[in-house]
Every structure is written in C-alpha cells, then in structure tokens.
Amino acid sequence: MENNNISLKAVVDKSNNRVVFVESNEKFVDIVFSFLTMPMGSVVRLTRNRPPAASIGCMNNLYNSVEILDKRYLRTEACKTMLLYPRNGAGNECKNLKLVINDGVQMRYFVCETDDCANSNYKLLSHYRNAICRCGNRMNWGREVKEREPTRVVFDDQDEGVFVKGPIQLTISYELQVMPSSTPDLDATQHLRSKETTAMLVSPKLAPGFSYEGQPLNIEEYMHQPYYYVITQGSGHFVTSDEMLIHSGEAISSSVLTVIDPKSPCYDNLSTGRGFLKGPAMFTITDDLTITPLSSVTGLSAIRKLKVPFSDLEEHIVYVGKEEASRLLVASFVSETALTNTFLLKESEQGS
Ligand SMILES: [Zn+2]
C-alpha cells in the first residue's frame, strides 16, 4: 500500500449496497473541498476518459472544440494552452494536498530564451509556454526555472490541513455533506484555516490572466504574486515569490519580473485585457456547443445530422446579455441542448 493512501471508515447499507457515510480526518476532506477550486477545463480533462463514462452537459463538446480549433483563430498559441490546461487560482494550496489530482501536467513558469533577457533586459515572466517576449523571441525557457516552494514539513498525523484546520475527525455523507463527527453543522470560522481559505472555496476566482474586458459574467481573477528572477553563486538561477530566498546567502542578484498577459500577441499595453479569439471571425455553434469556424458546410452538416426538413427551419435573431450568458452557463452544465435551453425555453418550462 502506498504511503499516500488515506484510510477511511465507511458505513455501508448492505441491503441497498451503498455507502451511507465515511469518517475521515482533514486530509480527505481537503481533497474533496479542492474540487471547488478546479477550473472547468481541468475538470473536463481529468474526467472525460474515466468511468462512469459521461459528459458534463455540453462542456466536453466545448473542450473538444478548442482542442481541434486551428491556432490561427486564437490571439496567441498560449490561448489554447490556457483553455485546455488552465491554472487553478488556488494552485499553491492544492499542491500541498495529500493526493494531488492531475494527469501529470506540471505547472511551470517560462522566461525568454534569450540570454539575460529575464535578468537584465525586459524581465518578463509567462505562466504559459509559447508567449512572445518583447525582444521578439519565444518565452519557452521553463525547464530549469521553477518557483521555489517554501519548505514544508512532511505530512504526518499532526500536520495541519490545507483548507481544514487539523487534526479533526469529519463525517462525509453519501451526497458529500461534510460535518465534524462531534458536532452537527461545519463552522467555517472554526474549522477552516482562514477567511481567505473560505473565500477560496465558496467564491473562487480565476487564475490571473483569464478575465478580459466585456466578459458578461464579470468573473474576478486573483492578483499575481510578485515574482523575482534570482542569479545564484555559480551562475545558477531560479524564479521565486519568496523574498526570503532573495536575501539568502545563495543569491547574488535579483530582478522583479513582469507577468505578461498570455492572451496578448505582443507585450504592449494596447493589446492586453482582451479575449482568446482573434477577430474578425465567424463561427457555427450547435445546440450542444460544438464550435467550428463558419463555412459553407458547417450549418448544413448540423441540419443533416438532425434530419430536419428545410421546411421546418426558420431564422430567429436572439440577444445575449448578462442574463442570457448566465443561463447559458447553467445550461451548458446540465443539458446537452444548451442553446435551446437558453434562447427558446422559458424559465417556467426549464423549471418543469
Ligand atoms: Zn526576451
């Protein structure tokens, strides 16, 4: 048995062959709570090839659409990486979970491939590969440059949790309601580590770089941490957010790095703060949110697939505001006909 395995006591209803609840310490609950911080692109990527085979509303179609979209429709190559491999805004916390749920994709930091550009010229940092430095070269130098993690005590029974204050015994019901074993309902002020931890779980923000002007849902993003590029004795180098490391005897110089907008094709103030797609462009979006560049065959093929006679078709003009964008978000999670649910079905019909 691996050391990382977590032991749980499960109470099972034998007649119905189902788990009524499990009891665990904070380590397992931290993992379940971390689900709330995951960006949707990661959820789709991590679940789509796992049993029970099922898609999440239309989300899998959205993900597949980005995967096959030609990069010429995106503002930068990094845009595709951002959507398919999004960073978690709570990534620093989640990497301390006892079991880290990922598919082996390491989150790295990238600086310019040009010698000394990160240290003495433009001093830029990208969270995504293939961004373009202001000097014109790619910022793909990430293999040896890592953020130094603060030293953390190896997990043991006395170690504190990531989101939940430990040590504590908790009960998790079959529908994932979590409560302390000794008292009736979870008190965030008492059992979660801080107000910031609570906010991270119940109103998580996007990782820096995802929001853009005009986004109708106004989703907030976290601020960047300060990042420093550090040269060490013996010409070693690393990126860190930990000022203690800059003042360590190992460092001989450091520079403050500017984090670039990965959606911007070049580093300038005019092109930052915009979205993922390069316009002008037109797309066909089917009811199940399969998105393809508009062509003479895309609409026809959607009609043929549904076997609808042309006499039954008519054009409508529909409008998207904040209300419709919110309805589309909900529908894309819970149905495979997101556009119909958003634009044709009235709320009472959806409720019924
Ligand atoms: Zn450069």
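A residue is called buried when its relative accessible area is under 20%, exposed when that value is over 50%, and partly exposed in between (1.4 Å probe, protein chains only). The structure shown is a predicted model, in which local features need pLDDT of at least 70 and side-chain atom pairs count only at pLDDT 80 or more, while totals for chains, interfaces and linings use all residues. Residues are numbered from 1 along each chain as its sequence is written, and side-chain values use heavy atoms, with hydrogens and water left out.

We may begin with the metal site. The zinc ion is held at 2.3 to 2.4 Å by the SG atoms of Cys112, Cys117, Cys133 and Cys135, where donors are N, O and S atoms within 2.8 Å of the metal (3.2 Å for Na, K and Ca), and a site may look incomplete because water is not among the atoms. Along the sequence these donor residues follow the spacing C-x4-C-x15-C-x1-C. Among them, Cys117 is buried, with a relative accessible area of 1%, whereas Cys135 is partly exposed at 34%.

We turn next to charged side chains. Side chains of opposite charge can pair when their charged atoms come close. Seven salt bridges are found in the whole structure, each being a side-chain nitrogen of Lys or Arg within 4 Å of a carboxyl oxygen of Asp or Glu. One of them joins Glu26 to Lys27, with the closest N and O atoms 3.3 Å apart, and both Glu26 and Lys27 are buried. Another pairs Asp261 with Lys263 at 3.6 Å, N to O; Asp261 counts as buried at 14% relative accessibility, and Lys263 is buried at 1%.
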